[in-house]
Amino acid sequence: MTARSVRTGRLMLQPVTWRDMEDMASLKADGGAFGQMLGGVCTRQQAEREMADDIAFWACHRVGIFTIRENDRFVGMTGIHDRPDGRGFGLRFALYPWASGRGIAREAANAALNFTHDAGVKRVIAVAKESNLASRTILGGIGMHVYETFPRDGQTMLVYESVRG
């Protein structure tokens, strides 16, 4: 456990490292886990590029992407990244489908959001498809509110925002 680790009632969130590459590549290749994420399902090479970016982001901003473990078992990821669309620091979360439905995503995303605000980041956004009720429920449940909408590939996208400080 490091100073950047976060423990919740049942979860351990730790900043991603190269030791997590196999777990992250597997998660990002899973359509049920990553199918609705920006960029979608990733190849191994894409996952490696994202890992390098995530580790550099931690070094630069002292916030970033966490692994999520429940009872020492990798179940997913959450945290902050710099959105490629220029909208700012974005909250992400993804779980394996077998880990869904028990409040893990909400618990982990809330912990990552609080960690980020506590580290001095005043504004965090998250983007979800209007049709993605699961993500919208989580984002609303952790106190984020809809800030704006925009169209993408025939879908209405909702931009959620959390501002503190």
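This is a predicted model: local features need pLDDT of at least 70, side-chain atom pairs count only at pLDDT 80 or more; totals for chains, interfaces and linings use all residues.
**View 1. The largest pocket and its centre.** The largest pocket has a volume of about 680 Å³. Its lining is made up of 35 residues. Nearest the centre of this pocket lie Met37, Phe93, Ala94, Asn132 and Ser135.

**View 2. Elements around the largest pocket.** Several helices and strands give two or more residues to this lining. The helices are α2 (31–34), α4 (104–118) and α5 (133–141). The strands are β5 (89–95) and β6 (123–129). Strand β5 gives the most, with six residues.

**View 3. Residue classes in the largest pocket.** The lining of the largest pocket has 18 nonpolar residues. Another eleven are polar, and six are charged.

**View 4. The second largest pocket.** This pocket has a volume of about 240 Å³. Among the residues that line the second largest pocket are Lys28, Leu38, Gly39, Pro84 and Arg92. The lining also includes Glu50, Asp53, Asp54 and Phe57, along with His81 and Asp82.

**View 5. Elements around the second largest pocket.** Two or more residues of this lining come from each of α3 (44–61) and β4 (73–82). Helix α3 gives the most, with four residues.

**View 6. Residue classes in the second largest pocket.** Six charged residues line the second largest pocket.

Terms used:
Residues are numbered from 1 along each chain as its sequence is written. Side-chain values use heavy atoms; hydrogens and water are left out. On a 1 Å grid over the protein atoms alone, a cavity is a set of points where a 1.4 Å probe fits but cannot get out, and a pocket is an open set with protein on both sides within 12 Å along at least five of seven lines; lining residues have an atom within 4 Å of a point. Grid points are joined across faces, edges and corners, and a volume is the space filled by probe spheres set on the points. Ala, Val, Leu, Ile, Met, Phe, Trp, Tyr, Cys and Pro count as nonpolar, Asp, Glu, Lys and Arg as charged, and the others, Gly among them, as polar.
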